[in-house]
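These are my notebook entries on one structure. I set down what I looked up and what I found there.

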Amino acid sequence: MNKKVTLKTLQSMKGNQNIVMITAYDALFASLFDEYVDVILIGDSLNMSFAGKPDTLSVTLDQMIYHTQAVQRGAKKSFLLVDMPFGSYMDKKQALKNAVKVYQETLADAIKIEGGKEKADIVRYLTDNAIAVFGHVGLKPQSARSEGGYSVKGKTEEEEQSIIADALALQEAGAVAIIVEGVKSGVATKLTKTLSIPTIGIGAGNGVDGQVLVWSDLLGLFEKFVPKFVKKYANGSNQVKDAVKQYAHEVRSGIFPDENFRY
Ligand code: KIV
């Protein structure tokens, strides 16, 4: 499938075909993923898994733009979704100025902002000004410091109501899709049935319209912790370590480069 994935494609997939999303932060990995996924998310998770920071909060807009430009050189057909970093959409005017910068300096198809009802006015202002916006409800990593960590949402009736109200407010404001993170699967399923726009889950069960995973989790490269929702499709860290160990051994013992690898 080499046809460019557009917003229309994603909208037509709701209820028909699960949407496949993965994060990527550079051209090389984007080029490897592009054939198999619908959406590449240039997520602010890059601040943790790429830059080694303790949370997502310190990544800058210019860094997100730099990584998006790298990804777009590798991805030919995937829909490109860019996270707006913490502090870049605090009010309507700032959000629009920064979203326009993303659109002008990259090939982003849409931007993503975290938050619910309290962000509805900002989403409305962006969508009124020709920016395609994905919402992000449930566990919001940019709230990790203010909430004192990361916790699964939707465990109480009150939380369930609040998540559904948040997502409905975003849809009403013109959001084109919603990321549902770290939410009890029953709640995410109910939410998906309530909304007319696609939901894409991470740690939200299989009753949503699609799934997203952080690439380094999916490939088993991130070793610090493995959340319950992460399925490792490769044992990347062991494969990388074994390969580099073998290389180091062959260099030290003079095995590499043998005649096959010489001019
Ligand atoms: O930054 C990111 O990778 C994300 C996903 C966890 C959805 O927002």
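**Entry 1: Domains**

I began with the two domains and found that the centres of domain 1 and domain 2, taken over C-alpha atoms, are separated by 38 Å. Domain 1 covers 7–232 and domain 2 covers 235–263; the bounds come from an automatic or database domain assignment. I note that this is a predicted model, in which local features need pLDDT of at least 70 and side-chain atom pairs count only at pLDDT 80 or more, while totals for chains, interfaces and linings use all residues. Residues are numbered from 1 along each chain as its sequence is written, and side-chain values use heavy atoms, with hydrogens and water left out.

I then looked up the interface. In it, 4 residues of domain 1 are in contact (heavy atoms within 4.5 Å) with 5 residues of domain 2. The area buried between domain 1 and domain 2 is about 330 Å², with 42% of it given by carbon and sulfur atoms. Buried area here is the accessible area (1.4 Å probe) that two parts lose on being put together, summed over both. Of the area that domain 1 buries against domain 2, Gly220, Leu221 and Glu223 supply 75%, more than any other three residues.

I also searched this interface for salt bridges (a side-chain nitrogen of Lys or Arg within 4 Å of a carboxyl oxygen of Asp or Glu), and the rule finds 1. Glu223 forms a salt bridge with Lys241, and their closest N and O atoms are 3.1 Å apart.

**Entry 2: Salt bridges in the whole structure**

How many salt bridges does a search of the whole structure find? I recorded 11, and I took up some of them in turn.

Asp109 and Lys4 meet through their side chains in a salt bridge of 2.8 Å, N to O. Asp109 is in the loop between H5 and strand E4 (110–112), whereas Lys4 is in the segment before helix H1 (7–13), 105 residues apart. Helices (H or I, at least four residues) and strands (E, at least two) are DSSP runs, numbered from the N terminus. Asp109 is partly exposed, with a relative accessible area of 24%, and Lys4 is also partly exposed, at 37%. I use buried for under 20% relative accessible area, exposed for over 50%, and partly exposed for in between (1.4 Å probe, protein chains only).

Lys112 and Asp83 form a salt bridge of 2.6 Å, N to O. Because Lys112 lies in strand E4 and Asp83 in strand E3, the pair ties together parts that are 29 residues apart in sequence. Both Lys112 and Asp83 are buried.

Lys117 and Asp166 form a salt bridge of 2.8 Å, N to O. Lys117 lies in the loop between E4 and helix H6 (120–128) and Asp166 in helix H8 (residues 157–172), so this pair ties together parts that are 49 residues apart in sequence. Lys117 counts as partly exposed at 44% relative accessibility, whereas Asp166 is buried, with a relative accessible area of 9%. I noted as well that Asp62, Lys101 and Glu105 are joined into one network by salt bridges that share partners.

**Entry 3: Helix H4**

I checked the length of helix H4 (residues 61–74). At 1.5 Å a residue, its 14 residues should span 20 Å, and the end C-alpha atoms are 20 Å apart, which agrees; the expected span is 1.5 Å times one less than the number of residues.

Which residues of H4 are buried? I listed Leu61, Met64, Ile65, His67, Thr68, Ala70, Val71, Gln72 and Gly74. Their cover includes helix H2 (27–33), strand E2 (39–42), helix H3 (46–49), strand E3 (79–83) and helix H5 (92–105).

**Entry 4: Nonpolar cores**

I looked up the nonpolar cores, each a set of buried Ala, Val, Leu, Ile, Met, Phe, Trp, Tyr and Cys residues joined through side-chain atoms within 4.5 Å. The largest has 53 residues, of which Ile40, Ile111 and Leu126 touch the most other members. Apart from this core lies another, of 18 residues, including Met13, Leu41, Phe79 and Ile179. Leaving aside neighbours within four places in sequence, I found Leu126 in contact with Ala95, Leu96, Ala99, Ile111, Ile131 and Val133.

**Entry 5: Backbone**

Phe256 and Pro257 are joined by a cis peptide bond, with omega near 0°, and Pro257 is in the segment after helix H11 (236–252). Ala130, a residue other than glycine, has a positive phi near 70°. I located Ala130 in the loop between H6 and strand E5 (133–138); at 63% relative accessibility, Ala130 counts as exposed.
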